[in-house]
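Please look at the sequence and the structure first.

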Amino acid sequence: MPTKSTTDRTRDVHEDGGAPINIGHLRRARRERVLSWVMPITLLVVAICLWEFLVRYHEIPKYLIPAPSLIAETLVRDFASLMASSWFTVKLTFLSLALAIVGGVLLGALFALSRPVELSLFPFAVILQVTPVVAIAPLILIYVDSTFAALLICAWIVAFFPILTNTVVGLRSADHNLRDLFTMYRATPWQKLRYLLAPSALPYFMAALRVAGGLALIGAVVAEFVAGTAGQHTGLASRIIESSFRSEIPRMFAALFLVSLLGIVIFLLTSWASHRVLGHWHESEIRREH
Amino acid sequence: MTGDPIIMMNRVSKEFGDVLAVDNMSLSIREGEFVTLLGPSGCGKSTALKMIAGILPLTAGEITISPPKGNAEHDLGFVFQEPTLKPWATVFDNVYLPLRLAGVGRGDGEPRVREALKEVGLSRFARSYPRQLSGGMKMRVSIARALVSRPRILLMDEPFAALDEMTRTKLNNDLMQLSDDHGLTVVFVTHSVFESVYLSTRVIVMAARPGRLVADMPLDASWPRSEDYRTSIEFTEETRRISETLKGTLHADEIDH
């Protein structure tokens with residue numbers, strides 16, 4: 001798919017040929033794009049400077065609120081240990097998200113194809129979803145030997161449900177006239193899935209992916225909290241708990257910063273994926289000029 | 001101009017729950033005819049069309065379509081009231097759909113798709129997406145898709161109802177030209193008396209509750225028709241004749257005073 005500029009993609013063509021590109025619109029679009037980055041970054045820098053200033057000015061002790069410079073210092077000093085923990089959490093989050101996608105899509109497709117299967121299994125999916133993961137986690141930790149596998153299951157339970165429900169709704173959302181057309185042309189079930197149902201479900205799936213991405217991280221962190229794991233092969237949540245026990249507040253902030261950063265990266269990745277997949281056709285991703 | 005029977009409906013009925021949508025309808029359509037099913041809402045004209053297309057199963061009766069002599073991938077083309085295009089696919093891919101479903105490779109299909117797009121005047125828009133096109137252009141894509149598999153029969157369910165008058169007139173003329181060029185048999189559903197008189201060689205008037213055939217009215221004016229026909233006395237006369245018939249079928253509560 002060749003990428004075109006936003007303006008080019010959103011302009012309408014008419015029977016007399018393409019409409020001329022409006023230079024004013026182009027400029028405004030570019031300005032808005034730049035502003036959408038510059039404004040939040042400026043605000044963030046200002047807030048961090050203000051934080052630094054207030055901590056220093058009021059001489060707030062570091063075990064209450066550490067200055068951003070101290071947090072940065074801690075990040076550098078404990079880089080090796082924090083990176084190892086980050087890598088653990090990243091692995092846990094992305095693996096659980098991947099399994100949630102596979103499980104959610106397969107089960108969703110099964111639900112969409114067979115009403116009896118949906119009626120029989122859906123209540124179990126709901127039970128799994130509505131029971132807080134914090135409440136199930138201790139049991140899973142007892143039953144599953146490997147801590148990593150137990151944490152993975154917990155994170156998966158949280159991330160799986162939105163993918164499942166949205167896949168089911170998405171697969172059922174195909175235009176009924178297009179369905180009729182596929183019937184008339186005697187399409188095979190596979191052709192129907194490949195060329196009609198799956199593309200129709202994509203917007204729903206991408207919306208679920210954004211939610212599930214965040215939930216996978218929350219699941220991974222919460223599960224680790226419940227597990228209360230310690231030692232080398234543990235994630236960022238364990239660093240937070242550990243720092244809290246030792247009253248190493250700057251380290252706690254550093255770990256927290258990394259968790260947030262991971263959350264932001266996941267959000268950006270899923271948003272980018274959504275734009276790549278839907279940007280050229282779906283209303284949710286098309287920027288219109290007014 | 002017209003040949004052997006191509007679509008035979010024999011005592012066809014369709015029920016939706018308790019509602020009798022089509023009651024005991026028999027109709028024989030000959031090759032090359034341009035037949036309009038005309039009637040008020042709920043008279044079963046769209047249902048009848050979808051039964052011919054094989055989209056809806058019949059409750060009773062039978063529909064026979066004479067076997068094709070040549071080998072087209074699909075013998076039927078269908079155009080809905082809405083353009084019914086896949087928004088995620090380009091104009092090219094939308095038109096290619098019937099061929100793809102019939103197992104025609106992209107390489108073999110490409111010249112056919114280009115030809116179909118050329119016929120509806122959209123050659124330059126093969127790579128556009130549906131949302132970039134006007135309503136009339138989308139409908140042309142829909143027509144190109146219906147024609148790309150070289151069907152003998154074109155089924156159209158109020159295809160121009162949502163379009164403005166000028167686009168509609170233009171598409172009416174283009175449709176007549178296309179169906180004449182291809183020797184198509186067209187079954188066209190509409191509730192516009194003017195459109196039915198202008199386009200068709202035969203008008204089937206239907207009534208509602210239950211949906212049934214009430215009159216079979218051939219139109220003798222030479223076909224395909226020119227713009228002059230719209231302003232001719234013959235057109236006015238035929239319009240009046242068919243309007244009267246249609247009025248006679250309406251229930252008291254369906255007539256606006």
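Q: How many helices and strands does chain B have?
A: This is a predicted model. In chain B, both kinds of element occur. The count for chain B is seven helices and nine strands.

Q: What radius of gyration does chain B have, and what would a compact globule have?
A: Chain B has 257 residues. A compact globule with 257 residues would have a radius of gyration near 18 Å. Chain B agrees with that, because its own value is 18 Å.

Q: What box do the C-alpha atoms of chain B fill?
A: The box is taken along the principal axes. Its sides are roughly 55 × 40 × 35 Å.

Q: Of the residues of chain B, what percentage count as buried?
A: Buried here takes 20 or more other C-beta atoms within 10 Å of a residue's own. Among the 257 residues of chain B, the share that counts as buried is 44%.

Q: What share of the contacts in chain B with a separation of 6 or more comes from residues 24 or more positions apart?
A: Start with the contacts in chain B that have a separation of 6 or more. Then take those between residues 24 or more positions apart. They account for 74%.

Q: How many residues of domain 1 and of domain 2 of chain B are in contact?
A: Domain 1 of chain B is assigned as 1–68 + 159–257, and domain 2 as 85–151. Their C-alpha centres lie 26 Å apart. On the domain 1 side, the touching residues are six nonpolar, two polar and no charged. The contact joins eight residues of domain 1 with five residues of domain 2.

Q: Which elements give two or more residues to the side of chain B that touches chain A?
A: Chain B brings 22 residues to the contact, and chain A brings 17 residues. The chain B side divides into 13 nonpolar, six polar and three charged. The elements of chain B that give two or more residues are strand 5 (76–79) and helix 2 (91–101).

Q: How far apart are the C-alpha centres of the two domains of chain A?
A: Chain A is assigned domain 1 (1–60) and domain 2 (68–285). Their C-alpha centres are separated by 29 Å.

Q: What covers the buried residues of helix 11 of chain A?
A: Helix 11 spans residues 249–278 and reaches 43 Å, close to the 44 Å expected. Its buried residues include A:Phe253, A:Leu258, A:Ile266 and A:Leu278. The cover includes helix 3 (68–77), helix 4 (79–113), helix 9 (189–227) and helix 10 (236–245) of chain A.

Notes:
Residues are numbered from 1 along each chain as its sequence is written. Chains are lettered from A and ligands numbered from 1 in the order in which they are written. This is a predicted model: local features need pLDDT of at least 70, side-chain atom pairs count only at pLDDT 80 or more; totals for chains, interfaces and linings use all residues. Domain bounds come from an automatic or database domain assignment. Two residues are in contact if their C-beta atoms, placed from the backbone, lie within 7 Å. Ala, Val, Leu, Ile, Met, Phe, Trp, Tyr, Cys and Pro count as nonpolar, Asp, Glu, Lys and Arg as charged, and the others, Gly among them, as polar. Helices (H or I, at least four residues) and strands (E, at least two) are DSSP runs, numbered from the N terminus. The radius of gyration is taken over C-alpha atoms; the globule rule is 2.2 Å times the number of residues to the power 0.38. A residue is buried if 20 or more other C-beta atoms lie within 10 Å of its own, exposed if 12 or fewer, and partly exposed in between; C-beta atoms are placed from the backbone. The expected span of a helix is 1.5 Å times one less than its number of residues.
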